[in-house]
Amino acid sequence: MASRACRTRHAPVDPGAFPPDERLHVVTLASSKTEEHNQSATRWSLDDLAFDILKDAHYRAMSRATIWRVLDNADLKPHKSVYWLNSHDPDFDAKAQAICRLYVTAPQLYQRGRLVICSDEKTGMQILERKHPTQPVEPGKPEKREFEYIRHGTRVLLNSFVVPTGKVVWDVGETRTSLDWVAHLRHVQQEYPDQQGYDWIVDNLNTHWSLDVCRLVAESCDVPLVLKNLKNGAQRRAFLSDPSHRVVFHFTPLHGSWLNQVELFFSVLSRQLLRRGSFASVAEFTERLRRWLEEYNERRAHPYRWTYTGEPLVRATPFSQTRRQRRQGRAWFGRAPSPFERLLHPPRPYNRKKPKLAANL
């Protein structure tokens with residue numbers, strides 16, 4: 001009896017050996033901030049979680065594998081972090097619904113002679129030249145780009161996306177001042193001179209509601225420009241947003257520039273031209289950009305199918321209808337895709353080894 005009493009009990013190795021309160025403590029700890037537990041690191045790791053549990057006298061020690069299993073079952077990934085954009089605009093819902101309403105009615109407004117346009121600047125487009133040539137794609141191998149590059153300066157693209165047709169009007173320059181912006185607005189009006197009215201969707205950059213823009217709107221709408229009523233930004237935005245004018249500006253909510261459809265076009269531009277480009281000079285970059293934009297208007301321009309209506313995207317979506325749960329099911333938190341999904345979307349063969357040639361050929 002004495003020898004049995006002196007034996008040390010083995011640590012629990014079965015995931016079910018730890019009671020629910022100890023597993024819940026792991027989930028609670030991983031969901032909290034590290035500053036609350038006097039941790040110098042800014043994120044939790046398995047070693048930090050195991051050490052913090054070991055310091056607590058109320059809970060038994062856990063191995064890294066056990067902690068990983070508990071977090072995996074709870075679908076917690078403390079090592080990952082993503083950016084998110086939170087709008088504090090008190091009028092976010094009203095502004096978002098008004099902009100979405102313009103997108104939906106843009107074809108009908110275009111037939112009546114009123115044009116809906118989304119405008120913005122793409123600043124800091126770097127003109128980079130790779131020091132060594134890029135290796136083209138091969139079977140089983142992606143394209144390889146040299147990480148070293150030569151800078152040839154930057155350029156700014158002032159762009160307007162015509163919502164009902166999908167075509168763009170652009171200006172390329174070195175700056176994006178208010179005078180550059182006014183010149184771009186005049187360019188758009190010259191491209192579509194027969195329109196009875198314009199609805200411009202822009203963000204809250206100060207050049208979009210400058211005094212020069214107010215002068216242009218007053219000139220286009222044949223309305224008086226009272227300078228004493230346009231001293232600050234709120235007054236100028238109210239003047240530009242007047243629905244009785246021929247030219248009306250619709251400003252996106254604060255931290256809500258993603259409501260501007262021109263951002264979708266900028267993503268296409270980055271993927272198809274800028275990201276993999278190697279340009280030997282400013283002139284080559286400008287010419288290549290001009291050719292791509294003209295080709296886009298001729299061959300690929302199309303109106304976007306806008307599905308956001310201004311209603312909350314997450315709060316109104318049931319848990320069972322989210323993307324993750326539609327793909328994997330509510331009760332299963334595995335990472336591997338289903339056999340049906342693997343059949344439709346087979347993995348890329350980049351890591352597939354080349355077959356060896358037969359020796360007796």
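**Close-up views of aromatic and helix contacts**

**View 1. An aromatic cluster.** Tyr198, Trp200, Phe249 and Phe251 are joined into a cluster by ring pairs, a pair being two rings of Phe, Tyr or Trp (its six-membered ring) with centres within 6.5 Å. In total, 12 aromatic pairs occur in this predicted model. Local features need pLDDT of at least 70 and side-chain atom pairs 80 or more, while totals for chains, interfaces and linings use all residues. Residues are numbered from 1 along each chain, and side-chain values use heavy atoms, without hydrogens and water.

**View 2. The pair of Phe92 and Trp258.** The ring centres lie 6.3 Å apart and the planes meet at 40 degrees, so this pair is tilted (under 30 degrees is stacked, over 60 edge-to-face, the rest tilted). The pair links distant parts of the chain, with Phe92 in helix H5 (residues 92–111) and Trp258, 166 residues apart from it, in the loop between strand E5 (247–251) and helix H9 (262–274). Helices (H or I, at least four residues) and strands (E, at least two) are DSSP runs numbered from the N terminus. Phe92 is buried at 15% relative accessibility, whereas Trp258 is partly exposed at 38% (buried is under 20%, exposed over 50%, partly exposed in between; 1.4 Å probe, protein chains only).

**View 3. Arg237 over Trp209.** Arg237 lies over the face of Trp209, 5.0 Å from the ring centre (criterion: NZ of Lys or CZ of Arg within 6 Å of the centre and within 35 degrees of the ring normal).
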